[in-house]
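Here is a short walk through one structure. Keep the sequence and the coordinates open as you read.

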Amino acid sequence: MTTLSPDPALKLILGSGSPRRLELLAQIGVTPHAIRPPDIDEDPAKAEVPRDYVNRIAREKAAAVQIAEDELVLCADTTVALGRRIMGKPADAAEAAAFLQKLSGRRHKVITAMAVKRGDRIWQKDVQSTVAMKRLSVAEIDWYLATGDWQGKAGGYAIQGPASAFIPWINGSFHAVMGLPLPETVGLLTAAGYPLMKGTP
């Protein structure tokens with residue numbers, strides 16, 4: 001991966017409306033100059049596998065965001081994969097319940113892909129994590145649906161919310177399951193020339 005020299009004048013645009021990604025960036029001292037969520041078609045292509053899907057969507061999101069010469073944009077996409085099945089954001093509570101019933105008592109993968117665009121160049125990376133969900137009772141599913149926390153969440157749940165009570169085990173990146181793996185994000189931003197950790201000696 002080619003790395004450009006840091007440019008202190010560069011402004012970071014976050015191409016995502018996710019409050020979780022904003023919170024995760026804040027953990028590494030990064031505050032975006034602006035937030036510009038792109039509006040793209042996120043439907044999977046026919047026979048598209050989960051890893052190819054999230055990488056394509058992250059890349060298309062980055063390509064869709066208009067940026068100035070002194071800006072770069074960070075976009076990401078997260079999906080839950082049960083085998084080759086892509087489990088995106090549920091349309092309603094019934095679909096969220098169906099997702100949770102399928103994930104109940106099983107391991108699944110959560111894949112987050114990031115894309116950073118500066119000028120006409122895009123840097124990209126994905127992170128896969130394996131997550132175990134305990135066997136859920138009907139009462140537990142109903143309780144979680146009532147919290148409303150499933151809305152807008154891939155696979156119908158968020159690991160950092162009430163559903164954390166359902167996750168006994170994870171192999172991979174907790175931050176990636178939330179929606180933005182921090183070490184890999186730092187690597188992409190650094191490669192694109194964004195000045196990070198300016199206060200370090």
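Tyr 144 has a relative accessibility of 0%, so it counts as buried. The cut-off for that label is under 20% relative accessible area. Note that the model is predicted.

Start with the rings. How many aromatic pairs does a search of the whole structure find? The search returns two. One joins Trp 143 and Phe 166. Their ring centres are 6.0 Å apart and the planes meet at 75°, so this pair is edge-to-face. The cut-off for that class is over 60 degrees. Trp 143 sits in helix α4, residues 138-147, while Phe 166 sits in the loop between α4 and β7 (169-171), so the pair ties together parts 23 residues apart in sequence.

Trp 143 is partly exposed, at 43% relative accessible area. Phe 166 has 2% relative accessibility and therefore counts as buried.

The other pair is Tyr 144 with Phe 166. Here the ring centres lie 5.9 Å apart and the planes are at 70°, so this pair is also edge-to-face. Tyr 144 belongs to helix α4 and Phe 166 to the loop between α4 and β7, so the pair ties together parts that are 22 residues apart in sequence. Phe 166 takes part in both contacts.

One more ring deserves a look. Arg 107 lies over the face of Trp 169. The distance to the ring centre is 4.2 Å.

Next, turn to helix α1, which spans residues 19-27. Which of its residues are buried? They are Arg 20, Arg 21, Leu 24 and Leu 25. Viewed down the axis of α1, these buried residues fall within an arc of 140°, so they line one face of the helix. What covers them? The cover includes two strands, β1 (11-14) and β3 (71-82). It also includes α5 (174-178) and α6 (182-191).

Just after the helix comes Gly 29, with a positive phi of about 75°.

Notes:
Residues are numbered from 1 along each chain as its sequence is written. This is a predicted model: local features need pLDDT of at least 70, side-chain atom pairs count only at pLDDT 80 or more; totals for chains, interfaces and linings use all residues. Side-chain values use heavy atoms; hydrogens and water are left out. Buried means under 20% relative accessible area, exposed over 50%, partly exposed in between (1.4 Å probe, protein chains only). Helices (H or I, at least four residues) and strands (E, at least two) are DSSP runs, numbered from the N terminus. The arc is that of the directions from the helix axis to the C-beta atoms. Contact means heavy atoms within 4.5 Å. Rings of Phe, Tyr and Trp (its six-membered ring) pair if their centres lie within 6.5 Å; planes under 30 degrees apart count as stacked, over 60 as edge-to-face and the rest as tilted. A charge sits over a ring if NZ of Lys or CZ of Arg is within 6 Å of the ring centre and within 35 degrees of the ring normal.
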